[in-house]
Amino acid sequence: MSRIAVVLLAGSAFLPGFAAAERVHRYTVDVDADLATLRVDACFSGRAPTMLAVESQEATSAFVEGKTVSPQPRALAPNGMEMSLRGVPENGCIAYSVSLLHARKTRDHSGYANRWTGRDLVTEVGLWFWRPPTLTADEDIEVSFRLPEGFAVSVPWHPLADAAVPTYRVGRGAYNRTSDAAFGRFREIPIDVPGARLRLAVLNGKPAPDVEAMRRWIEDAARSVAAIYGRFPVPEPQVLVLPGAPAPEPTPWAYVLRGGQGSAHFSVNQRRPLREYVEDWTAPHELSHLLLPPTDPNDAWLSEGIASYYQNVTRARSGVLTAEEAWQNIHAGFRRGRKLDTKGLTLAQATQRMYRDNAYMRVYWQGAAIVLAGDVELRALTDGRQSLDTVLDAFGRCCLDPDREWTAREIFQRFDAIAGMPVFVPILDAQIDTPGFPDLTSLYGRLGLEGLGGKVAFRNDAPLARARDAIMAPGPYRTPRALLGAGS
Ligand SMILES: [Zn+2]
């Protein structure tokens, strides 16, 4: 079936995780106007799977009833996070329903899954999507949604362009990773940037969010990330904006999920003006996570390091920050990371204890220090012909298949293979098992950075002052002045 590989996106050669599926299982999801129940019909192509599995532990309590449809009805019931399909014949069908009331009740101000605005609902796909535990290379799943008039759905799957109702190919990509679906009276907005079409859903809130402002904010951040190497790293990410965050800043809480085509979720305080969103670091940070494939959680320092580094680099290149402000932010980050280094833990230990110790800044900013050191070293060794940007460009062409989880070492080995010289692995080796936050004196000296307490100063006679300036130099995408001057 060539239809699945349809590429409406100039510059993106393929959709990761999509095979030329011979067997396409078809799910139809009926959504009611109260967002109280989902009714799912699933018909399997060829031999039916012996069991179905689900990602959420809440799925069993949300399950209402189910039955096989052919040859004759038989009740289906989940057993934990699995459900036996014994007796379902070739090309057989099942039907089941799932209550969303539970999801609506577990409203969570932190911004995680299951948010009910009184009109729109975000819920884990794993709550209702009972599917084969794995897909073979020749299998895929197509999911169609039958929605009430005026309703929309947002899922991080590949949309089929010519379907009568919203229809998606799930693909094997990140099949077993968490993703969220949104249902409600929003409108999904496509945002085309080089290499990608982001699909934005701004959910309802009180007061109603300015959807056009949110679109301009996300587009600006996506363009600044796409400018790192000329295209956005993943072709069809889902972006969910959830108003009502109880905090003074524009976007106090955000995260990326890797299920499906990947997604970024932003909890926002919709009362803040557009200018504050555009200046904020959160969107370039979250979208920069998509530069890397899913990574071993024990190596979270790398993904957070890349995101923390590029949240400043991209804003400097797009003109949101001056180069001095960007270095000042990075310097402040390193200071925060060092301050949290009270126990003399190694980076590996600190990453493992990050959640327990609440020591995010140590991990994020040592990660950023490693990323900066690698970027600078590569620029120095190649007289500026290579950089972290060029390595990520090549890495993005080979290695973003969401099916695979990488360790930091594997990613750095690939970086060095791309660069054709050992740059990143030696830095990893020097830092990963060394206690404490790294001493950056020598790196600062070479870059011509002087940390004078909380302030960073610049020397232009340093050996790598040019590399330093090249990192933050104006890029091909510049944030429109109108966005920065925008009051609301
Ligand atoms: Zn992050």
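Student: Which residues touch the most other members of the largest nonpolar core?

Tutor: Ala182, Trp217, Ile218, Ala222 and Val241, in a core of 129 residues. Helix 10 (residues 360-381) gives the largest share, 12 residues. Note that this is a predicted model: local features need pLDDT of at least 70, side-chain atom pairs count only at pLDDT 80 or more, and totals for chains, interfaces and linings use all residues. Residues are numbered from 1 along each chain as its sequence is written.

Student: What makes a set of residues a nonpolar core?

Tutor: Its members are buried Ala, Val, Leu, Ile, Met, Phe, Trp, Tyr and Cys residues, joined through C-beta atoms within 7 Å. Buried means 20 or more other C-beta atoms within 10 Å of a residue's own; 12 or fewer is exposed, in between is partly exposed, and C-beta atoms are placed from the backbone. Buried residues make up 48% of the 488 residues in the protein chain.

Student: Which residues is alanine 222 in contact with, leaving aside neighbours within four places in sequence?

Tutor: Ile191, Val193, Leu198, Phe232 and Leu287. Contact means that the C-beta atoms, placed from the backbone, lie within 7 Å.

Student: Which domains does the core draw on?

Tutor: The core draws at least three residues from each of domain 1 (2-286) and domain 2 (293-472). Those bounds come from an automatic or database domain assignment. The domain centres, taken over C-alpha atoms, are 32 Å apart. Across the boundary, 20 residues of domain 1 are in contact with 18 of domain 2. Helix 3 (211-226), helix 4 (274-279) and helix 5 (282-289) each supply at least two residues of the domain 1 side.

Student: Why are strand 8 and strand 11 said to stand at the edges?

Tutor: The open sheet has 4 strands in the order 8-9-14-11, with antiparallel pairing. Strand 8 (115-116) and strand 11 (152-154) each have a single partner strand, so one side of each lacks a neighbour in the sheet. Pairing requires at least two bridges found by DSSP. Strand 8 and strand 9 (residues 121-124) have 2 bridges, so they meet that cut-off. Helices (H or I, at least four residues) and strands (E, at least two) are DSSP runs, numbered from the N terminus.

How values were computed
Contact = placed C-beta atoms within 7 Å.
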